[in-house]
Amino acid sequence: MFNRIKNRVLTVVAPDQPALPAGPGHQAYGGGGTAGSRTGSANRDYDAAGGGGGGGKRLPKKFQYARPPFLQLLTYDELKASADHNVRPIIVPRDISLLPWSTGYAECVNSGKSKWNEDQAAFHRQVLSHPSRQYHDLPYTYFGIYDGHAGYGAALAAANQFHYILHEKLVDVIDLLMPRVEGDGGGLALHATLPHPSLFHKQVSKDELIVGALEAAFADMDAVLAEDRDKYRNAGGCTALVALFILGKLFVANAGDSRGVLCKRVRRRKLLPVYHRAERNGTGEKEEEEEEEKEEKGEGGEDEYEVVAEPCSFDHTPDTERPRLLTVGKHNPALLGGEYIAMEYAKKPTTKDLGARILYRQGAMKGWTYKTLTATDLKIPLITGVGKRSRLLGTIGVTRGFGDHDLKALGSNLPIKPFLSAHPDVVCFDLAQVRSEPADENSDGEYGILVMATDGLWDVSESQQVANTVFGTLKRFPAERHRYTMVAQELVARSRGRANESGHWRLSDSRAAATVDDISVIVIPVHQYYQEYRAWTQTVAARNRVRSAAAKEVAAVPEAAVAREQPGAPGADLSSESSESEPPEEAQEAENNLNTINVPPAAGKPSAPLGLADALPAK
């Protein structure tokens with residue numbers, strides 16, 4: 001009886017929950033129709049409840065439920081076993097060669113809040129090739145992790161489609177990203193690299209072009225889900241965390257509460273005591289020099305290093321995005337429906353406080369001020385709760401991502417989508433700026449290990465704890481081929497914990513509750529990408545040298561013939577030819593603007609890559 005009541009409640013609360021695969025006989029898993037099925041029913045996969053925006057129509061799924069392809073869970077039985085809520089098995093790739101750079105991955109299903117794992121992960125290695133072949137091919141690698149809610153449809157669609165959209169956006173700026181191929185005469189004319197005649201009045205760097213491609217791809221992915229809601233069944237929404245490795249740099253784009261952390265192991269800086277520094281003219285200076293020599297030689301053991309967690313993103317929750325959400329509500333009161341108020345109070349107001357002065361703030365206010373409390377102020381606040389328990393319109397705890405186009409506030413018919421955003425914060429790390437000492441054999445520590453994970457990990461783990469676990473595990477397995485997979489597995493195991501006799505999941509090292517959410521973790525050794533990038537740049541340089549040498553040999557033959565025929569007129573034709581091939585001033589200025597990223601910084605003003613400070617809202 002309890003199960004019948006539970007199923008009815010779930011049907012009311014989550015009518016868009018996608019139907020489960022039909023079992024071993026489902027065609028998508030290699031089975032045929034059952035003997036008792038109607039004609040053609042085994043070849044069609046429809047959900048009885050319809051899809052969001054479909055007006056109750058029976059809509060097909062755009063993508064059949066599956067786990068990431070590199071896990072190779074190909075049968076229905078394997079999928080069912082991976083979703084066992086009692087065991088919560090940790091799933092890792094069978095063949096790590098399917099992922100680049102020995103990247104590690106691990107996941108486990110939730111403890112019962114949804115039938116299937118609503119997280120999704122994806123990676124793709126692509127090459128940007130110009131159709132004219134006037135440019136070198138530009139390789140790049142993308143990783144994505146998507147945390148679905150209210151169904152797996154949005155996350156599954158993003159995992160299957162986002163890389164196509166991103167590739168399209170990068171192709172749009174292919175002329176401006178590609179390294180030029182040196183041809184006859186020492187290189188292509190500048191107008192060949194700028195096929196459009198427009199003149200840029202602002203400096204545009206390659207970093208900004210890539211950031212723009214990521215931002216546009218996020219917006220288009222959200223638009224695709226909006227268009228598909230009347231055609232396919234893509235239930236719910238999802239967060240999105242994307243890492244893009246291109247041109248020797250790491251770009252991390254985030255919308256939602258999944259998180260990326262660059263875990264590093266760096267030399268510890270020793271600060272001398274004040275009395276020690278005061279003796280610089282005596283023995284203090286000598287001892288300081290000895291300490292520096294020890295550091296340069298790598299002496300001192302593990303104490304010489306410290307593990308740091310460098311954030312690549314920050315969570316987008318109603319609490320962290322309070323100023324933006326209150327501003328939207330303040331300028332669009334119709335979205336509040338007369339039921340909510342876009343204000344924040346220092347103390348929860350009650351009817352007893354009517355007519356009294358109360359501290360409040362609204363919109364983008366950072367400080368507090370007084371106002372006289374009226375009956376209007378007793379409406380439900382737009383944002384309730386704090387931290388991870390904060391909610392927008394009392395319904396959703398994440399404020400950026402894809403989908404949720406038909407989501408309504410609980411207890412009312414107010415749409416929530418106008419408050420949500422698909423716009424990501426993008427952080428860039430220039431790997432060429434890393435100071436590496438090959439003798440230390442600390443490449444993973446210097447370049448960092450990128451950990452990308454859904455909130456199932458971060459709900460019970462701090463970033464520093466994760467970084468410590470990363471290097472602790474790598475230290476235990478220094479030569480293991482699967483070491484990064486073992487790191488991912490360890491992170492998932494720690495946050496999942498163990499089930500006690502009552503069936504409740506608890507952290508192994510304490511009695512605290514473990515996460516009950518889906519957990520997905522990607523562990524990427526950044527240094528291995530940078531090695532690959534350096535090899536590519538050397539290949540490009542070698543090809544340019546060959547092309548340049550061939551061009552000089554070809555040019556030397558006609559020059560020698562002209563010199564023999566007209567010994568008295570040296571250089572006359574050469575000067576005119578040089579003036580004819582000289583590009584126009586506008587093309588020259590545009591080329592200079594587009595290549596500002598390659599210009600060395602001015603003395604005393606080192607250029608810094610985009611960092612987390614650029615993504616964080618102004619305080």
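Predicted model: local features only at pLDDT ≥ 70, side-chain atom pairs only at ≥ 80, totals over all residues.

Modeller: The largest cavity has a volume of about 70 Å³. Look for H149 and C238 in its lining, then for the run V398, T399, R400, G401, F402, G403 and D404, and finally for K417, L420 and S421. Sort those lining residues by type and you get four nonpolar, five polar and three charged.

Now for the charged pairs. Side chains of opposite charge can pair when their charged atoms come close. Across the whole structure there are 25 salt bridges. Take R125 and E532: their closest N and O atoms sit 2.4 Å apart. R125 belongs to strand 2 (residues 119-128) and E532 to helix 14 (residues 526-565), so this pair ties together parts 407 residues apart in sequence. R125 is partly exposed, at a relative accessible area of 40%, and E532 is partly exposed too, at 33%.

Next, find D207 and K249, which form a salt bridge with 2.8 Å between the closest N and O atoms. Here D207 lies in helix 6 (residues 206-228) and K249 in strand 5 (residues 249-255), so parts 42 residues apart in sequence get tied together. Both D207 and K249 are buried.

D315 and R259 also meet in a salt bridge, 3.0 Å from N to O. You'll find D315 in the loop between strand 7 (305-311) and helix 9 (322-331), while R259 is in strand 6 (residues 259-267), 56 residues away. D315 and R259 are both buried.

Note on methods:
Residues numbered from 1 in each chain as written. Heavy atoms only, no water. 1 Å grid on protein atoms, 1.4 Å probe; cavity = no way out; pocket = protein on both sides within 12 Å on 5 of 7 lines; lining within 4 Å. Points joined across faces, edges and corners; volume = space filled by probe spheres on them. Nonpolar A, V, L, I, M, F, W, Y, C, P; charged D, E, K, R; others polar. Salt bridge = Lys/Arg side-chain N within 4 Å of Asp/Glu carboxyl O. Helix = DSSP H or I, 4+ residues; strand = E, 2+ residues; numbered from the N terminus. Buried < 20%, exposed > 50% of the residue type's maximum accessible area, 1.4 Å probe, protein only.
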